[in-house]
Amino acid sequence: MGATELWHLGGLGATFQPIRLFDEPEGADLDCAVVTPDNAFAVGRTEAVFLYGVDGKGPCYVFEGRKHKLLWFKRYLCSLSSRPSSDRMVLTVYDLKNKMICFNSELESPVVHMIYEWDNLHVLLKDQNQR
């Protein structure tokens, strides 16, 4: 198994058959891959977010900017990205089923972490006054 491969083990009873889901030479950046509720594997790259399933590469969604983090929140794909023209991070929440942007905001402070817990999306920002 190479460094850019993702395998899924599944089957009935005691027999498991490995299925190769993701085998791309570009790989995936840290925090830029997430599993969707439909068991697809989403990978964020600068040019788009690509979905992979048991049948191989599936649909892709073209979103602007270099992806720094992807997170699946309820039925939404959350993307933390940066635009080439700005140093600030942009948080965008996409509804892929209805093909629309639900939320889009340029953040004033650097993002420390994004967490989905208790049916809420929490975005932790760094305090600019601390050193």
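Two strands count as paired if DSSP finds at least two bridges between them. The legends below describe a predicted model.

**View 1. Strands S8 and S9 pair in the antiparallel sense.** Strand S8 covers residues 76-82, and strand S9 covers residues 89-95. Six bridges join S8 and S9. Where does Leu77 find its bridge partner in S9? The partner is Tyr94.

**View 2. Four strands form an open sheet.** The strand order is S7-S8-S9-S10. The pairing is antiparallel. S7 (66-73) and S10 (100-106) are the edge strands. Each of these edge strands pairs on one side only. From one strand to the next, the twist averages 20 degrees.

**View 3. Phe73 and Tyr116 make an aromatic pair.** The structure holds four aromatic pairs. In the pair of Phe73 and Tyr116, the ring centres lie 5.0 Å apart. The planes stand at 85 degrees to each other. That makes the pair edge-to-face, because planes over 60 degrees apart fall in that class. The pair links distant parts of the chain. Phe73 sits in strand S7, while Tyr116 sits in strand S11 (residues 111-117). The two residues are 43 residues apart.

**View 4. Three aromatic residues form one cluster.** The members are Tyr61, Phe63 and Tyr94.

**View 5. The largest pocket and its lining.** The volume of the largest pocket is about 280 Å³. How many residues line the largest pocket? The lining holds 16 residues. Thr36, Asp38, Leu51, Trp72 and Leu96 lie nearest the pocket centre. By class, eight lining residues are nonpolar, four are polar and four are charged.

**View 6. Strands S5 and S6 at the largest pocket.** S5 spans 49-53, and S6 spans 56-61. Each of these strands supplies at least two residues of the lining. Which strand gives the most to the lining? S6 does, with four residues.

Key: Residues are numbered from 1 along each chain as its sequence is written. This is a predicted model: local features need pLDDT of at least 70, side-chain atom pairs count only at pLDDT 80 or more; totals for chains, interfaces and linings use all residues. Side-chain values use heavy atoms; hydrogens and water are left out. On a 1 Å grid over the protein atoms alone, a cavity is a set of points where a 1.4 Å probe fits but cannot get out, and a pocket is an open set with protein on both sides within 12 Å along at least five of seven lines; lining residues have an atom within 4 Å of a point. Grid points are joined across faces, edges and corners, and a volume is the space filled by probe spheres set on the points. Ala, Val, Leu, Ile, Met, Phe, Trp, Tyr, Cys and Pro count as nonpolar, Asp, Glu, Lys and Arg as charged, and the others, Gly among them, as polar. Axes are lines fitted to C-alpha atoms, for helices over the stretch in contact, and angles run from 0 to 180 degrees between N-to-C directions. Rings of Phe, Tyr and Trp (its six-membered ring) pair if their centres lie within 6.5 Å; planes under 30 degrees apart count as stacked, over 60 as edge-to-face and the rest as tilted.
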